[in-house]
Amino acid sequence: MRLLNASGCLDALAAPEVARALDGFVTKTVTPLPREGSAPPRIAETAYGMLNAIGLANPGRERFLADHLPQLRELGVPLWISVGGFCADDYAETCASLPRDGIEAIELNLSCPNVDEAADSAAEIVAACRRATSLSLYAKLSAAHPDVAEVARAVAEAGADGLSLINTLRGLALDRRLRPVLARGSGGLSGPTLKPVALHAVSVCHQATGLPTVGMGGIQSGRDALEFVACGARDVALGTVLFADPGAPDRVRSELTAACAEAGVVSPEDAQDFTKSPETERKVPA
């Protein structure tokens with residue numbers, strides 16, 4: 001099991017020591033043109049998690065390739081590039097522009113709740129990107145779809161090498177005067193409240209496709225990470241927890257040993273697919 005960050009939850013150039021504590025760094029989503037993102041305020045804490053409406057703020061493809069990517073390579077951490085856009089060509093052109101050197105995978109952001117959705121379907125975008133690059137493609141999907149497993153099957157058939165599950169879910173919070181706390185109104189809800197939804201999505205999509213999956217959504221502890229692996233995730237990503245606890249990567253790893261012992265398994269990998277059958281034989285430490 002590798003430990004990554006959820007896209008947008010860590011600035012590796014501002015906190016390189018945190019990025020180096022991970023097994024791979026996932027960039028903020030890169031779009032063809034620069035984006036300022038949503039107007040402030042665009043982040044707010046709630047009693048149930050964090051709301052954000054960043055709106056894919058990023059320097060754009062040209063500046064990312066010229067300035068940001070060379071600096072990220074100096075971290076010495078495997079890089080995953082998050083790619084976004086508003087039509088299949090946007091995604092494909094960015095994928096085609098990415099060099100193979102130093103990039104482990106591309107994560108296709110098909111599920112951002114804070115921008116208008118791409119006009120093309122997820123499968124069409126994946127197919128266009130598959131034609132544009134030989135790099136590994138992970139499709140990041142939303143659990144807001146009524147049948148996320150159906151979407152997972154479609155992107156698998158279109159050429160996705162893996163899945164990232166899940167993105168934030170749309171939410172709304174009001175201030176004391178009953179006005180939205182975010183300038184955009186609604187935003188993406190993240191944090192522990194997402195965990196049951198994310199576990200379900202990982203489980204059904206893994207059963208539907210068998211694709212390697214990065215599970216994310218409310219992971220706070222080693223036990224949380226282990227549960228995602230038990231539901232079918234090969235790797236996990238830390239999101240909102242990194243804002244409050246930059247030391248979370250090392251802490252989660254240290255907690256995994258105790259979590260495995262409590263669950264009666266030798267390693268996280270031994271826990272995979274436990275949710276399929278209660279009668280699964282467990283590899284209990286000698």
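A nonpolar core is a set of buried Ala, Val, Leu, Ile, Met, Phe, Trp, Tyr and Cys residues joined through side-chain atoms within 4.5 Å, where buried denotes under 20% relative accessible area (1.4 Å probe, protein chains only). The model is predicted, so that local features need pLDDT of at least 70 and side-chain atom pairs count only at pLDDT 80 or more, while totals for chains, interfaces and linings use all residues. Residues are numbered from 1 along each chain as its sequence is written, and side-chain values use heavy atoms, without hydrogens and water.

In the largest nonpolar core, of 69 residues, the members that touch the most others are Ile 81, Leu 108, Leu 141, Val 155 and Leu 163. Helix H9 contributes the most to this core, namely six residues; helices (H or I, at least four residues) and strands (E, at least two) are DSSP runs numbered from the N terminus. Another core, of 10 residues, lies apart and includes Cys 9 and Met 216.

Helix H7 (residues 222–230) is largely enclosed by the rest of the structure, because seven of its nine residues are buried. Among these are Asp 224, Leu 226 and Phe 228. The elements covering the buried residues of H7 include helix H6 (195–209) and helix H9 (248–263). Just after H7, Gly 232 adopts a positive phi of about 125°.

Thr 31, in the loop between strand S2 (25–26) and strand S3 (43–46), is buried, with a relative accessible area of 1%. The side chain of Thr 31 reaches the backbone oxygen of Leu 33 at 2.8 Å.

Key: Buried means under 20% relative accessible area, exposed over 50%, partly exposed in between (1.4 Å probe, protein chains only). Contact means heavy atoms within 4.5 Å. A polar contact is a pair of N or O atoms within 3.5 Å; within protein, one must be able to donate a hydrogen and the other to accept it, and residues adjacent in sequence count only if both atoms are side-chain atoms.
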